[in-house]
Every structure is written in C-alpha cells, then in structure tokens.
Amino acid sequence: MVHADRIRLSEPGGRVEREQAFHDALAGEGFEDRRLIGRMGGLFYDTDRLWGPVWSEVGDLTGLHVLEYACGDGSFAVHVAERGANVHGIDISPNLVALARDRAAASAAHERLRFSVMDAHATEFRAGSFDLVLGNGSLHHLDLDRALDEVARVLRPGGRAYFVEPLRDHPALRLFRRLTPRARSEDERPLGLEDLERAHRRFGRVRHIERYVFAVAAAPIALLSPALAAGAFRALSAADRGLLRRFPQVRRYAWITLLELERGEQVAPGLLTGP
C-alpha cells in the first residue's frame, strides 16, 4: 500500500519505527493472537461501558475540538464525532490511518473528522489546540513522559485528557501476555499505578479509577458462549466494585484503568471519585 503522508519521526530507527511497522502489519492481515484477544475482550472494551462516565462528566461535545491519540481504524473517532465534536485522529501507522479515512467517509459526521499520520511524542499541532485529548490503549505504547508532555502542551488551559489503559500486575493477564507474545509490539509496556503518578507534575489534576479483577475470568468463557460470558461478567464486575471499594490497595491488580488529566490551576469537581 502506498501513502502520500510524510511523517517526522521523533526517534528514527527506534521504538516509533518499530510501532509503525507492527501496526501497519496489523492493519493489513492482522494476527491470530489479536483476533483471539478481540473475542475474549469485547465485554471489557465496550465503548459505551468504558466511556459513558466520561460523556456524563464532559457533557455536550458539540463544537469541542478533540484529539484522539493512536486512533487506529477510526471507529472511536467516528463515535466521538457523531456526538458533535470536531475530531482529529492521529496514528503512527499509515495503513491504519487509511482505514480510518475510509471509515470516516462513510459516516454522517465525515465533515467533523480528520486523520493524520503523526508521531504522538511530537505532534505538529499548536500549543493549546484541543479541548479534549482521548486515547484507547495508547499511552502504554509510548514513552510515557514524552507523551504526557505533549498531551499537556496541546491541551488548552482547563482542557482535559482521558485514557483507558491496561495495567501490568494482574497475575492471569501477565501469564496471558507471556503466552501470546506476537499479539504485542516489542515496546509495549502495560502501566503500573506508580506510572500514573508521574503525570502530577504536568497537570492540575490527576485521577484514575480501576476496573476488573475477578471479572477477567469471564474472558475465556466468551470463546465458548458469549451469552454465558456476559452473565458471568455482570456478576463478577459487581463483586469487583465491592472489592475495590473495601480494599483500594487491590487496585494495582485490576486489568484496566481510566486516567483523567486536567491542565491548569482551576480544578472542577472530578469524574473519578472511586469505583
């Protein structure tokens, strides 16, 4: 596939080029391990379930300028644009950006969508360009400090960023990652809770909420029966909420965190007050 996009890499010959090659291949034929993960993880990565609390907090998205970090095939960017936002999605992979542009062309919100091949460590946007920065599983592919610096730079004062990211310490998931190495790029590193604290020096507010400890057990059931998995997921998720409320130290063993960052000194009441 030939692309006209020209990209300035912040790290030629390093992790950025490796991520680009990995995701270009993924956009082409995909990998069997990734299809397996998709079948097992659909319950957990449901857009409405993960992002509904964010939409409730942010309110009306109409007219907001939103940057999506690592937009992939554009499906989430389209979802956000259909809520009224003007969305610019960036990804290191030209192949994925091509898929995103095709998806956008078929959307009723196509006039509010734009996609570019860009290095998330060093974007080409002016400082303070965006009201919101959003990302689904993007930060753990990046040099975290450089990425957080860039997020803070492109947000307007008072702007917010939200990222859904995997955590590294759940025992079952650590084993699963070891058994499926081809499903991930060489430089991908799930985050620890201490990594999230590194954002405090850049943002006026840093909050995060964790999900899914016992609920992870529903994932393999989805390979046999999606309906049975959905029932198990609901019951185990309820147990997780009680566990995390009572024993917050268990948060580090959750699967997913939702990270909220706010730029500036004026801090509004926050979304992430607890499980």
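Around helix α6, the cover over its buried residues includes β1 (65-69), β4, β5, α8 (193-196) and β7, where contact means heavy atoms within 4.5 Å. This is a predicted model, so to speak of local features takes a pLDDT of at least 70, side-chain atom pairs count only at pLDDT 80 or more, and totals for chains, interfaces and linings use all residues. Residues are numbered from 1 along each chain as its sequence is written, and side-chain values use heavy atoms, leaving out hydrogens and water. Helices (H or I, at least four residues) and strands (E, at least two) are DSSP runs, numbered from the N terminus.

Helix α6 itself covers residues 144-154, and its buried residues (under 20% relative accessible area, 1.4 Å probe, protein chains only) are Leu 144, Ala 147, Leu 148, Glu 150, Val 151, Ala 152 and Val 154.

Now for α3. Its buried residues are Leu 50, Trp 51, Val 54 and Trp 55. Look down the axis of α3 and they fall within an arc of 120°, so they line one face of the helix; the arc is taken from the directions from the helix axis to the C-beta atoms. Their cover includes α4 (75-81), β4 (130-136), β5 (155-166) and β7 (256-262). Over on the other side of α3, Asp 48 and Ser 56 are exposed, meaning over 50%.

What about the ends of α3? Asp 46 caps the N-terminal end, with a side-chain oxygen 3.3 Å from the backbone nitrogen of Asp 48. Just after α3, Gly 59 takes a positive phi of about 85°.

Definitions and conventions: A polar contact is a pair of N or O atoms within 3.5 Å; within protein, one must be able to donate a hydrogen and the other to accept it, and residues adjacent in sequence count only if both atoms are side-chain atoms.
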